Amino acid sequence: MGFGKIDKKENVVYGVKFPTGIVISSVFAKYSFNYAVDTAGILWAWGKNHQQLLGVKSTEPIIYVPTQVAPFTPPMTSAPIDIAISEF
C-alpha cells in the first residue's frame, strides 16, 4: 500500500511515511486510494484525488504522501475510530 514513490511498473507497492509521532490505528486501502485514522482520531488520505474526492485541500490529481483530510465543519464531538468506504 502506498504511493510514496513513482515507478512505471504496475502493481508495485511502496511504503509511505507519516509525520513523526503519528501512530496509525486503522487503515483502509482501495485500488487507487488509501485512508488511515491515527490514535488522535485524525483522518489521513493519499492516492488518486479524482475531482478532489480524497477530502484533502489539494487539486493535485495524485497525493503521494499521507495528507490530513480537511477538518469537519462544525468540528466533530468525538474522534473517528474506524473507516468504511463504498464505491461512488
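This note walks through the predicted model point by point, from the overall fold to single residues.

1. **Basis.** The model is predicted: local features need pLDDT of at least 70, side-chain atom pairs count only at pLDDT 80 or more, and totals for chains, interfaces and linings use all residues. Residues are numbered from 1 along each chain as its sequence is written, and side-chain values use heavy atoms, with hydrogens and water left out.

2. **Overall make-up.** The protein chain has zero helices and four strands. Here helices (H or I, at least four residues) and strands (E, at least two) are DSSP runs, numbered from the N terminus. Along the sequence the pattern reads β-β-β-β.

3. The protein chain exposes about 6400 Å². Carbon and sulfur atoms supply 58% of that area. Accessible areas come from the Shrake-Rupley method with a 1.4 Å probe, and for residues only the protein chains shown count as cover. Of the 88 residues in the protein chain, 26% are buried. Buried means under 20% relative accessible area, exposed means over 50%, and partly exposed lies in between (1.4 Å probe, protein chains only).

4. **Contacts along the chain.** Take the contacts in the protein chain with a separation of 6 or more: 35% of them come from residues 24 or more positions apart. Contact means heavy atoms within 4.5 Å.

5. **The sheet.** The four strands form an open sheet in the order β1-β2-β3-β4, with antiparallel pairing. Two strands pair if DSSP finds at least two bridges between them. β1 and β4 stand at the edges, each with a single partner strand, so one side of each has no neighbour in the sheet. From one strand to the next, the twist averages 10°. The axes behind such angles are lines fitted to C-alpha atoms, for helices over the stretch in contact, and angles run from 0 to 180 degrees between N-to-C directions.

6. **β1 with β2.** These two strands run antiparallel and are joined by five bridges. They form a hairpin, with three residues between them.

7. **β2 with β3.** Strand β2 covers residues 33-38 and pairs with β3 in the antiparallel sense over five bridges. V37 stands opposite L43 in β3.

8. **The loop between β2 and β3.** A40 lies in this loop. A40 is exposed, at 57% relative accessibility. A40 and S25 are 15 residues apart in sequence, and their C-alpha atoms are 9.0 Å apart in space.

9. **Aromatic pairs.** There are three aromatic pairs in the structure. The rings of Phe, Tyr and Trp (its six-membered ring) pair if their centres lie within 6.5 Å; planes under 30 degrees apart count as stacked, over 60 as edge-to-face and the rest as tilted. F18 and W46 make an edge-to-face pair, 5.6 Å centre to centre with 85° between the planes. This pair links distant parts of the chain: F18 sits in the segment before β1 (24-29), W46 sits in strand β3, and they are 28 residues apart. F18 is partly exposed at 21% relative accessible area, whereas W46 is buried at 0%. F33 and Y35 also pair edge-to-face, at 6.0 Å centre to centre and 75° between the planes. Both F33 and Y35 are buried. Ring pairs also join F18, W44 and W46 into a cluster.

10. **N49.** This residue belongs to the loop between β3 and β4. N49 is buried, with 1% relative accessibility. The N49 side chain reaches the backbone nitrogen of L54 at 3.1 Å. That is a polar contact: a pair of N or O atoms within 3.5 Å, where within protein one must be able to donate a hydrogen and the other to accept it, and residues adjacent in sequence count only if both atoms are side-chain atoms. Leaving out residues up to four places away in sequence, N49 touches L54, G55, V56, S58, T59, E60, P61, I62 and I63.

11. Which backbone angle deserves a check at Q51? Phi of Q51 is near 55°, a positive value in a residue other than glycine. Q51 lies in the loop between β3 (43-48) and β4 (62-68). Q51 is exposed, with a relative accessible area of 60%. Q52, also not a glycine, has a positive phi of about 60°. Q52 is in the loop between β3 and β4, and counts as partly exposed at 38% relative accessibility.
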